[in-house]
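Hi everyone, thanks for making time. I have one structure to show you today, so let me put it on the screen.

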Amino acid sequence: QVQLVESGGSLVQAGGSLRLSCVASGGTFSRDAMGWFRQAPGKEREFVACTSWIGFNAYRAEYADSVKGRFTISRDNAKNTLYLQMNSLKPEDTAVYYCGARIRPVTGSLFRADAYTYWGQGTQVTVSS
């Protein structure tokens with residue numbers, strides 16, 4: 001059974017940084033796409049960033065326009081861990097952040113939440129002004 005567990009969320013002041021982690025268990029995911037989404041109160045879950053395998057040890061990273069240049073997604077396959085480094089945080093980044101995995105052979109746009117096979121329970125990020 002695949003499980004994803006996020007951690008690292010916290011309360012931080014605007015301009016600060018946080019690093020979220022997502023530990024995956026129940027398999028190996030080096031060739032599976034993984035992503036981060038977030039959901040603010042009263043809003044739909046929205047895409048933040050994703051990473052997908054493109055061959056050998058290479059991965060493609062993609063970002064929502066709202067976080068491009070501030071957030072960085074990375075993965076450590078030896079630890080089965082996905083990261084999201086968040087810098088220059090803004091109050092509008094406040095949300096519950098979720099880690100998702102799209103397990104092969106499932107396909108679908110990584111920008112859409114319904115393409116992901118498994119989700120973590122989420123971690124709260126609150127940015128104060």
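Predicted model: local features only at pLDDT ≥ 70, side-chain atom pairs only at ≥ 80, totals over all residues.

Four strands make up an open sheet, ordered 1-3-8-7, and their pairing is antiparallel. The edges are taken by strand 1 (3–7) and strand 7 (71–76); each has a single partner strand, so one side of each has no neighbour in the sheet. On average, neighbouring strands here are turned by 15° against each other, direction ignored. If you look at strand 1 and strand 3 (residues 18–25), you'll find five bridges between them, in the antiparallel sense. As one example, Leu4 has Ala24 in strand 3 as its bridge partner.

Now for the cysteines. How many disulfides are there? The count is one, and the disulfide joins Cys22 to Cys99, with 2.1 Å from S to S. The angle about the S-S bond is -65°, and the link of Cys22 and Cys99 is left-handed. Cys22 sits in strand 3 and Cys99 in strand 9, so the pair ties together parts 77 residues apart in sequence. Cys22 counts as buried because its relative accessibility is 1%, and Cys99 is buried too, at 0%. Then there is Cys50, which is in no disulfide: the nearest cysteine sulfur belongs to Cys99 and is 12 Å away. Cys50 is also buried, with a relative accessible area of 0%.

Last stop, the loop. Pro105 lies between strand 9 (95–102) and strand 10 (118–119). Is Pro105 buried or exposed? Its relative accessibility is 75%, so Pro105 counts as exposed. From Tyr59, Pro105 is 46 residues away in sequence and 17 Å away in space, C-alpha to C-alpha.

Terms used. Residues numbered from 1 in each chain as written. Heavy atoms only, no water. Helix = DSSP H or I, 4+ residues; strand = E, 2+ residues; numbered from the N terminus. Buried < 20%, exposed > 50% of the residue type's maximum accessible area, 1.4 Å probe, protein only. Pairing = 2+ DSSP bridges. Axes fitted to C-alpha atoms, helices over the stretch in contact; angles between N-to-C directions. Disulfide = S-S within 2.5 Å.
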